[in-house]
Amino acid sequence: MSQTSNSTTPAETGWLENDFQRDGERNIWALKTASGGFGYSDGDRSENYVLSVIQNATDTSVMSDELAAGMKDWPSTYHLHHQRANLLRAVSDHLSGPILEIGAGCGLLTRFMGEEGHQVFALEGSGRRAATIGARCRDLDNVTVINANLQDLKTDQKFQTITLIGVLEYARVYFSDGSDSDPIDQMLQYVANHLTDDGVLILAIENQLGLKYFAGYAEDHLNYPMAGIEGHYSDKSVVTFGREVLANRLRGVGLTGQRFAYPFPDYKFPEAVLFDPAMTPDMGGRFAALVAGAAASDRQKPKHLHFALSKALQPVMENGLGGDVANSFLVVASKSEITASANDYAVYYGNGDRKKHYLKRVAFQGSADDIVVDRQPLTDDPMPQNEDLTQILEREPFLDGQLWTQALHDIMARDKWRVAEVTTWAQRWIAALGATVGIDTTSSLDSSQQIPGKWLDAIPKNMILDKANNAHFVDLEWHQSDDIPVGYLIVRGLSDAFNLMEMTGANGEIHHLLTLVRTVCHQLKMPLSETQIMSYWDQEAALQRKISTRPGKYRRNQMLKTRVAPQAALKAVKRHGKRDKAVRIITTQYRTLLGKLTK
């Protein structure tokens with residue numbers, strides 16, 4: 001649920017008064033004696049824009065519509081989008097004040113922790129960013145903003161929680177305690193020294209060996225492919241780590257109690273967070289589809305991928321390697337043992353661009369033989385009155401089986417796939433739909449036949465085949481009050497499934513979504529004209545406008561231009577001579593990984 005501050009006691013700031021002075025105009029504490037500058041910035045234009053949006057907003061809460069309206073590019077979206085708070089929502093039971101937030105950026109996570117009622121000290125080296133946090137948290141007396149570099153915060157004050165969210169990787173660039181040791185270890189030692197005996201560090205960082213980096217994503221900081229995997233770091237550069245090296249670094253400063261979690265697509269905009277019980281060989285395969293769905297939403301996806309992540313995740317997870325090659329880590333670490341429920345497998349938040357009253361939190365909990373999927377609203381914003389669309393959030397058993405869109409990917413990922421194969425795949429869904437809804441699908445389909453609107457979500461991405469090959473529809477979230485035509489539901493389901501395909505093989509028959517949908521509908525004995533299909537797309541676009549804050553202004557045109565049968569991405573990349581070396585490396589690395597998986 002959305003929260004506001006439940007703290008009525010201002011933060012205790014006496015320990016700051018020796019070295020800092022209060023700047024009431026900017027709502028920050030600044031050093032009395034100037035120190036070295038802080039060079040990290042998204043650029044003056046971007047940072048001034050974010051500051052201006054926050055200063056001019058009357059509502060600066062995490063879920064503020066005013067701030068959401070200010071998102072226009074990557075930097076502003078990163079600093080203003082509420083989805084980033086999912087990272088701490090997933091481990092909120094470990095948060096306890098006083099909290100020291102190191103490298104607080106522009107204050108989105110500061111605001112979240114403040115709204116949760118915790119006493120927060122937000123440390124930020126950039127004066128402009130510190131002022132941005134001060135503006136964002138101006139109504140929260142339990143938040144104190146400190147404008148200083150970490151090495152300038154000389155105090156014996158202890159904290160119950162310290163956070164390093166996207167910060168540790170920059171230690172070699174921005175931090176030094178004057179010793180000769182690695183600044184990574186220096187920063188972690190600083191944290192360990194300033195934690196209470198039972199306090200926790202909450203750390204988020206990219207995984208040097210994340211699967212998406214094998215697939216061709218650029219390393220986040222050096223900004224070119226394979227940079228992290230090949231270890232192109234120096235003692236003066238940004239650096240990331242694999243799981244075991246990171247765990248050893250934490251142990252080296254006495255943080256032996258560790259709980260790893262795995263945000264997907266990464267820690268920046270997590271749609272899902274999985275815990276270790278979901279990453280074992282016995283359980284991993286059951287959660288691979290959840291991970292694949294979340295990973296597909298990555299906002300930094302490159303133009304070309306060298307293999308389909310959604311396909312690779314199944315064998316990776318089944319072999320218990322999901323944690324080792326997760327794209328990033330969320331770690332709770334302590335000097336003592338960390339208590340965590342063995343029955344917590346994952347939490348899923350879904351699309352963060354939904355309207356506030358439609359956001360949700362889905363928890364996967366229970367024993368291995370009896371996992372329950374518990375869906376709850378994320379906020380307490382009231383639902384619209386008298387709307388013809390209703391959201392249903394149900395508690396259901398976790399069904400183990402094959403997601404039907406995965407079966408489609410198996411077909412379309414192959415070169416020379418045929419439309420007839422896709423039609424056979426669709427017929428299995430249509431048969432299950434007919435049996436569920438109570439319509440005859442054995443002969444020709446009447447596109448104008450009306451069915452109850454409660455079946456609006458009975459589409460392939462919500463269909464699972466169990467181990468006995470029986471079809472089940474799950475997560476039927478959206479109910480429409482009016483009946484809907486069969487033609488609309490079929491076009492909706494097909495278009496959604498085709499747009500979920502991460503990568504398709506070469507195909508000489510079909511090259512565009514409109515043609516593919518029309519051809520499959522014809523082979524299903526439900527012939528539709530282009531005009532009818534586009535009319536159904538308009539109907540879908542209207543539905544998405546009710547649900548989403550960002551449905552796409554030209555949604556139908558985007559669908560029309562979608563190419564569903566390109567040459568395989570790897571082949572396309574190989575044609576670029578300047579990338580040949582990267583292609584050879586990625587292919588070798590990936591084959592090596594798959595070799596380990598299949599032993």
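## A buried charge pair

Asp-266 is buried, with a relative accessible area of 4%, where buried means under 20% relative accessible area, exposed means over 50% and partly exposed lies in between, for a 1.4 Å probe and protein chains only. The side chain of Asp-266 meets that of Lys-212 in a salt bridge, with 3.3 Å from N to O; such a bridge is a side-chain nitrogen of Lys or Arg within 4 Å of a carboxyl oxygen of Asp or Glu. This pair links distant parts of the chain, since Asp-266 stands in the loop between strand 8 (257–264) and strand 9 (272–275) while Lys-212 belongs to helix 9, 54 residues apart. Lys-212 also counts as buried, at 1% relative accessibility.

The loop that holds Asp-266 also contains Pro-265, and a cis peptide bond joins Phe-264 and Pro-265, with omega about 5°.

## The model and its overall form

This is a predicted model, in which local features need pLDDT of at least 70 and side-chain atom pairs count only at pLDDT 80 or more, whereas totals for chains, interfaces and linings use all residues. Residues are numbered from 1 along each chain as its sequence is written, and side-chain values use heavy atoms, with hydrogens and water left out.

The protein has 20 helices and 21 strands, which are DSSP runs numbered from the N terminus, helices being H or I with at least four residues and strands being E with at least two. Its radius of gyration is 25 Å, which agrees with the value near 25 Å that a compact globule of 599 residues would have; the radius is taken over C-alpha atoms, and the globule rule is 2.2 Å times the number of residues to the power 0.38. Along the principal axes, the C-alpha atoms fill a box of roughly 85 × 55 × 50 Å.

Of the 599 residues, 55% count as buried. Among the contacts with a separation of 6 or more, 72% are between residues 24 or more positions apart, a contact meaning heavy atoms within 4.5 Å.

## Other salt bridges

How many salt bridges does the rule give? The count comes to 34. One of them joins Glu-540 and Arg-492, whose closest N and O atoms are 2.7 Å apart. Glu-540 lies in helix 17 (residues 530–547) and Arg-492 in helix 15, so this pair ties together parts that are 48 residues apart in sequence. Both Glu-540 and Arg-492 are buried.

Glu-244 and Arg-251 also meet through their side chains in a salt bridge, at 3.6 Å from N to O. Here Glu-244 is partly exposed, with a relative accessible area of 48%, and Arg-251 is likewise partly exposed, at 38%. Elsewhere, salt bridges link Arg-354, Lys-360, Arg-375, Glu-396, Asp-475 and Glu-477 in a network.

## A covered helix

Helix 13 (residues 404–412) is mostly covered, with seven of its nine residues buried. Which residues of helix 13 are buried? They are Trp-404, Thr-405, Ala-407, Leu-408, His-409, Ile-411 and Met-412. Their cover includes helix 12 (309–318), strand 16 (402–403), helix 14 (419–437), strand 18 (463–465), helix 15 (486–499) and helix 16 (513–523).

## The loop between helix 9 and helix 10

Lys-236 is found in the loop between helix 9 (211–214) and helix 10 (243–252). Is Lys-236 buried or exposed? Lys-236 is exposed, with a relative accessible area of 64%.

## Backbone exceptions

Most residues other than glycine have a negative phi, and most peptide bonds are trans. Met-226, however, has a positive phi of about 70° although it is not a glycine. Asn-27 also has a positive phi, near 60°, and this residue sits in the loop between strand 1 (20–23) and strand 2 (28–31), where Asn-27 is buried with a relative accessible area of 17%.

The peptide bond from Gly-97 to Pro-98 is cis, with omega near 0°, and Pro-98 has its place in the loop between helix 4 (86–89) and strand 3 (99–102).
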